Amino acid sequence: MAFVGRSGCGKSTLLKLIAGLLTATAGAITVDGQPVGGPLKNVGMAFQNPVLLPWRSVLDNVLLPLEILRENGDARAPGLGLWRDRAVTLLATVGLTGAELRQPRELSGGMRQRVSLCRALIHEPALLLLDEPFAALDAFTREEMWDLYQRLRAQREFTGVLVTHDLREAVCLADTIYVLASGPGRIAGVHGVALPRPRTLSQVYGAEGTELMGRMREQIRPGRETAA
Amino acid sequence: MGSRSRRVVLPLAVFVALVLGWEALVALLRVHPVLLPPPSGVALTMARTAGPIAFHAWHTLVTTLIGFGAAVGLGLLLGFAIGGSATVNDALYPLLVGFNSIPKAAVVPLLVMWFGIGMVPAVLTAFLLAFFPVAVNVAVGLATIETELRDVLRSLGASRWQIFRKVGVPRTMPLFFASLKVAISSAFVGSVISETVASNAGIGYLMAVAASDFNTRLAFGGLAVLAAMGVLLYGIFAVIERRMTAWAYAE
């Protein structure tokens, strides 16, 4: 699913609420039927800024979540011997074979973002929370990342929650799109996207996609009732 | 000439030219040697008093290093506390800045009153001058961890202690090692100031005695030793910095 809306409408806050990094002042958040009380442990997160650790190689960056889980005695951390294999396989699916031992500063923005995605997925979380993950990339790289994300979705079991201000991105990647309006933050519309997968750019720009984007744009535009 | 050798040869050439120019000017203008001795005379005095100079230099070095060591230890602790906790930061940082703006030379008489003439006030002055840069740099390194990174780790169930160890400490290291260069120079300044005012040993003491005897040659000799020691200490810590945190520089 995807949440779209203007800057400042609370998209990122919503993600942090879902992850349990913030506490709701009113109402309740439930994930998988359980109310969220503190930071959830079965989520992976990736942001616009890939925030890799510059003193670690690509491989060690991807392995960071496993180190933490292991130290905390989490059952989901595989045996040490399997770590490397798992990370190498995951890096291969995003096309980073051969880059395992490189340093983050040597990589392009798109490559860094792929490493960041791998770090978010290495512990096989049930929820993948993405906060405008491709917003800082150039248009071509971003479209490649859409394909990549769809491949990952097809291969792995996780629920993706995407926050974006790019309507095309939402149409390309999400099954359900929630349109958020600001002042006060609320859901202005819910749209199912029925396009078959994997989606291509021509589908996104096709009649159905274009019509959907048009409707969402109307809902995002500050209406007269909010201007009052 | 390669850019590397350029960076070594060029400043050396300027230095040699300056010394030669000094020598020539003193001879040409017949400056009285008590006012300004020629470099050759300074070198001669240094060679003749090599033994005592070495003794005093060693004393200054030990004093500086003890003060520096204490400053690094306390600076690290204080930096971690300030960078790790907003409460500690709000409570201590303004005081720290206020304290640091006191000229430390003004504290030396008090230290002498409490601890007498000798090594202790010199060590303390070195310490007082050196701990501030360490504490501030470490605190900045910790306090500027990206929110996103914190979120990534917290969503894995990482504790504050784990975030501190896995991210805080390594990302602070370049700033910490950079601060050591500043701290060692400051410690050196501190110990020499204190030695000049109240000590029975050390280069600062040697220079104070030389000046009161109008022994300008020896005073310049002391100055040359101080300069050499300062450059050497700074250089050592600059090399350590590059070695320890290559990831922050390599491009």
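Is strand β7 of chain A largely enclosed by the rest of the structure or exposed, and why?

1. Basis of the note. This is a predicted model, in which local features need pLDDT of at least 70, side-chain atom pairs count only at pLDDT 80 or more, and totals for chains, interfaces and linings use all residues. Residues are numbered from 1 along each chain as its sequence is written, while chains are lettered from A and ligands numbered from 1 in the order in which they are written.

2. Confidence. The pLDDT, the predictor's confidence in each residue on a scale from 0 to 100, averages 89 in chain B, where 99% of the residues score at least 70. For the complex, the predictor gives an ipTM of 0.80 and a pTM of 0.79.

3. Overall form of chain A. Chain A holds 9 helices and 8 strands; these are DSSP runs numbered from the N terminus, with helices being H or I of at least four residues and strands being E of at least two. Its C-alpha atoms fill a box of roughly 60 × 40 × 30 Å along the principal axes.

4. Burial and contacts. Buried residues make up 38% of the 228 residues in chain A. A residue is buried if 20 or more other C-beta atoms lie within 10 Å of its own, exposed if 12 or fewer, and partly exposed in between, with C-beta atoms placed from the backbone. Of the contacts in chain A with a separation of 6 or more, 70% join residues 24 or more positions apart; a contact requires C-beta atoms, placed from the backbone, within 7 Å.

5. Strand β7 of chain A. Because 5 of the 6 residues of β7(A) (residues 176–181) are buried, this strand is largely enclosed by the rest of the structure. Strand β1(A) (residues 2–4) pairs with β7(A) in the parallel sense over 3 bridges, and pairing requires at least two DSSP bridges. Within β7(A), A:Ile177 is the bridge partner of A:Ala2. With β8(A) (residues 186–192), β7(A) pairs in the antiparallel sense over 6 bridges; A:Leu180 stands opposite A:Ile187 in β8(A).

6. Interface. Chain A brings 22 residues to the contact and chain B brings 16 residues. On the side of chain A that touches chain B, the elements giving two or more residues are α1 (11–19), β4 (43–47) and α2 (58–71). The most comes from α2(A), with 5 residues.

Notes:
Two residues are in contact if their C-beta atoms, placed from the backbone, lie within 7 Å.
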